[in-house]
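Have a look at it yourself before reading on.

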Amino acid sequence: MSDGGFPLPRIFDCSRFYVAEPITSFSIGRRNTLHYELDYNISGDRTILVDDNEYRVSDGYVVFRKPGQTAASIGYYNMYMLTLGYDAEDGVNVRERRCDNQAEPINGSYFWNLIPTCFRPKHHAEIFAIYRRLSILWYQPERADETALLLTQLIFQIIADAQDFRSEKTVPSAVDVLLEYMYDHYSEKIRLDELAELVHLNKSYLIRLFHREVGSTPLDYLTRLRLEQSCRLLETTALKISEISYRCGFDSASYYIRRFHETYAQTPEQYREQYRLKTSEATENTRSG
């Protein structure tokens, strides 16, 4: 099926997913994308990793993945995930069929290249309403025409909003500049005065602006970023806790341990040991399977 030269994909799944307990590691649930996936984030706060590029995701955001990309996330979310593709027979549910873990070929339509990996569309409320409707209709073959019409509306609305988003993002916002700066320099000493000077804003206005767009203050966000980076080091290295705290920009190991416990309800040593046990169990299950 197509619309104006756009080959309309088949819906493999359209379901709602809810994670209340924050995911703390990108290694948990990391997977290969086999088909086209369009997420609509109803609520939550997470960072998603697509092909090793990080994107901040909150209320009203759309996340798009193509076949062959890798994906993982940390944080929590309440979202719809729409799975689309071209390589299945009628009536086949992607959840029920056997998958050989091979991504389907990329469709040649240029329309897919018009959708960015992550953005907040202007008409997010209307898009949410379509997702909610599709989650009911997609598995009812007798309503295929209505489903196809809704899917067409959804894709073209997302594409239209994506073009507005691209034109608005030609010049990075002050918050974008700060997010990139903090990611590049989180291991260094960073003061609020320095951040305000970087984007030529006074501190009070900067805090309000940052909180409005990100959902936290700049320094709270920086602490969370440092903790997330420390989790990676705990998982992938045998570095001492004091060395990890230093590499992640904390003033002292004791302060790092306290903030880690406040955030994850366990010490860094407990987190590392728990991760080792999970990894060991997953390896054993794979071997026994």
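Here are my entries, from the overall picture down to single residues.

**Entry 1: the whole protein**

I began by noting that this is a predicted model. I then looked up the secondary structure and found nine helices and nine strands. Next I checked burial: of the 289 residues in the protein, 44% are buried. I also looked at how far apart in the sequence the contacting residues lie. Among contacts with a separation of 6 or more, 72% join residues 24 or more positions apart.

How do helix 3 and helix 6 pack? I found helix 3 at residues 174-185 and helix 6 at residues 218-236, with an angle of about 40° between them and their axes 10 Å apart. Angles under 35 degrees would count as roughly parallel, so at this angle helix 3 is oblique to helix 6. I noted the hand of the crossing too, and it is right-handed.

Which residues make the contact? Helix 3 brings L179, M182 and Y183, while helix 6 brings P218, Y221, L222, L225, Q229 and R232. Sorted by class, I have seven nonpolar residues, one polar and one charged in this contact.

**Entry 2: a hairpin**

I moved on to strand 5 (residues 36-50) and strand 6 (residues 53-57). They pair in the antiparallel sense, over five bridges. I followed V50 across to strand 6 and found N53 as its bridge partner. The hairpin has two residues between the strands, and there D51 takes a positive phi near 50°.

A reminder to myself about strands: side chains in a regular strand alternate between the two faces of the sheet.

H200 is not a glycine, yet its phi is positive, about 60°. Where is H200 found? I traced H200 to the loop between helix 4 (192-198) and helix 5 (203-214). Is H200 buried or exposed? Its relative accessible area is 72%, and since exposed means over 50%, H200 is exposed.

A265 was next, and it is also a residue other than glycine with a positive phi, near 60°. I placed A265 in the loop between helix 8 (253-264) and helix 9 (268-288). The relative accessibility of A265 is 61%, so I wrote A265 down as exposed.

Definitions and conventions: Residues are numbered from 1 along each chain as its sequence is written. This is a predicted model: local features need pLDDT of at least 70, side-chain atom pairs count only at pLDDT 80 or more; totals for chains, interfaces and linings use all residues. Side-chain values use heavy atoms; hydrogens and water are left out. Axes are lines fitted to C-alpha atoms, for helices over the stretch in contact, and angles run from 0 to 180 degrees between N-to-C directions. Helices (H or I, at least four residues) and strands (E, at least two) are DSSP runs, numbered from the N terminus. Angles under 35 degrees count as roughly parallel, over 145 as roughly antiparallel, 65 to 115 as roughly perpendicular and the rest as oblique. A crossing is left-handed if the near helix is turned anticlockwise from the far one by less than a right angle, and right-handed if clockwise. Contact means heavy atoms within 4.5 Å. Ala, Val, Leu, Ile, Met, Phe, Trp, Tyr, Cys and Pro count as nonpolar, Asp, Glu, Lys and Arg as charged, and the others, Gly among them, as polar. Two strands pair if DSSP finds at least two bridges between them. Buried means under 20% relative accessible area, exposed over 50%, partly exposed in between (1.4 Å probe, protein chains only).
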